[in-house]
Amino acid sequence: MTHNPSASPAYGDLSLVATAVEEVARLAGGIAARAFRSTLHVMRKADGSPVTDADRAAERAAREWIETRFPHDGILGEEFGAARPEAARQWIIDPIDGTKTFVHGVPLYGTLVAVASGERILAGCIHVPSLDETVVAARGLGCWWNGTRAAVSTVEAIEAATVLTTDARFGSDAIQRASWDRLASRAGMARTWGDCYGYLLVATGRAEVMLDGRLGTWDAAAVQVAIEEAGGVFTDWRGVATAFGGSAIATNAVLAAEVRSILGARRPAGHDAAH
C-alpha cells in the first residue's frame, strides 16, 4: 500500500491508516536502530525507568511526521505526553518499547504506533528493526507479518503452550506473581521474551500467551489490534478487551478462557471455559 501524505485518510479507509502507522513506526524505529549498541545517554524518569536520547529523538520524529500530515489529530506519546487530547482521532506512540532491553544491547525492543478513535484501536504497527520483523494490523483487514498474513496458533493444551511475560517478578504484586507461577508451572515452556516482542510472537503463532501486570496505553494499543486481527484474544486482567486497562493478557483463541482461569483473571466475554 502507498500513502499520500497530502491527504488525511478517512476513518473508513483503514488500509491507508495501516500504511500510515507502518510508515511512522519505520521512521521512528530507524532512528532507534541507528542508535542501537552505540554510546547512549541514559536518564531516569520520575518513576525510575530509563529513557535515552534515542527514545526522545525517535518520538520527536514521529510527532513531526504526524503534525505535518494530520495536524488536527491528537497524539499520545510515552516521552512527550498528549497533544490535542480532545481530537476525535489519536495517534499513540511508544518510540522504543523495551528501553531496558535496548540499553543492554538486546534486539527484542520495538517501536509501537497505533491510531485510535475514542477507545477503539483502528490500526497498529509493531516494528522490531533489529530483527527485521514488522506486524501491521487494521480492523477488518487482518494482521500482516512482513507482508504475509499472520495468525495465532491453534495449540489447545496448556502443557504444549509457550507462555511469556516481560518480568516474572511482577514488581511488588504478589498476587500477579503467584498467578504467573501457576501458569508457568503448567505450560510447556515459560520465557521472559517480553515487551512488544512477546505480543508479536503470539500474533504470529510462535507463542500462545503473553501477559503484563502493568503497562501503559502506548504499550498496549498497537498490540491489541494485532492480536485480535490475528485471531487471538486481548484483554486486561479484568477480562475487558481494552488497551486502556493498565494490564494485558494476550492469548490464542482456544486457550483464552483457560489461561485467564488459571491466572484468576476474569474470562473474556464470548469465550467458553471448555475446548
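These legends describe close-up views of a predicted model.

**View 1. The largest nonpolar core of the model, with 36 residues.** Within this core, I121, I126, C143, Y199 and F234 have the most contacts. At least two core residues come from each of the strands β6 (110–117), β7 (120–128), β8 (133–138) and β15 (248–251), and likewise from each of the helices α5 (195–203) and α6 (217–229). Another core, of 26 residues, lies apart from this one and includes L14, A58, A62 and V136.

**View 2. Surroundings of Y199.** Leaving aside residues up to four places away in sequence, Y199 touches M210, L211, D212, L215, V223, I227, F234, A248 and A250. Y199 is also one of the residues with the most contacts inside the largest nonpolar core.

**View 3. Packing of helix α1 (residues 14–35) and helix α2 (residues 53–69).** The two helix axes come within 9 Å and cross at roughly 155°. Because angles over 145 degrees count as roughly antiparallel, α1 is roughly antiparallel to α2. The crossing is right-handed. On the α1 side the contact is formed by A20, E23, V24, L27, A28, I31 and A35, and on the α2 side by A54, A57, A58, A61, A62, W65 and I66. By class, 13 residues of this contact are nonpolar and one is charged, with no polar residues.

View 4. G29 is buried, with a relative accessible area of 0%. Beyond residues up to four places away in sequence, G29 touches T111, H127 and P129. The C-alpha atoms of G29 and P95 are 7.0 Å apart, although 66 residues separate the two in sequence.

Definitions and conventions:
Residues are numbered from 1 along each chain as its sequence is written. This is a predicted model: local features need pLDDT of at least 70, side-chain atom pairs count only at pLDDT 80 or more; totals for chains, interfaces and linings use all residues. Side-chain values use heavy atoms; hydrogens and water are left out. A nonpolar core is a set of buried Ala, Val, Leu, Ile, Met, Phe, Trp, Tyr and Cys residues joined through side-chain atoms within 4.5 Å. Buried means under 20% relative accessible area, exposed over 50%, partly exposed in between (1.4 Å probe, protein chains only). Helices (H or I, at least four residues) and strands (E, at least two) are DSSP runs, numbered from the N terminus. Contact means heavy atoms within 4.5 Å. Axes are lines fitted to C-alpha atoms, for helices over the stretch in contact, and angles run from 0 to 180 degrees between N-to-C directions. Angles under 35 degrees count as roughly parallel, over 145 as roughly antiparallel, 65 to 115 as roughly perpendicular and the rest as oblique. A crossing is left-handed if the near helix is turned anticlockwise from the far one by less than a right angle, and right-handed if clockwise. Ala, Val, Leu, Ile, Met, Phe, Trp, Tyr, Cys and Pro count as nonpolar, Asp, Glu, Lys and Arg as charged, and the others, Gly among them, as polar.
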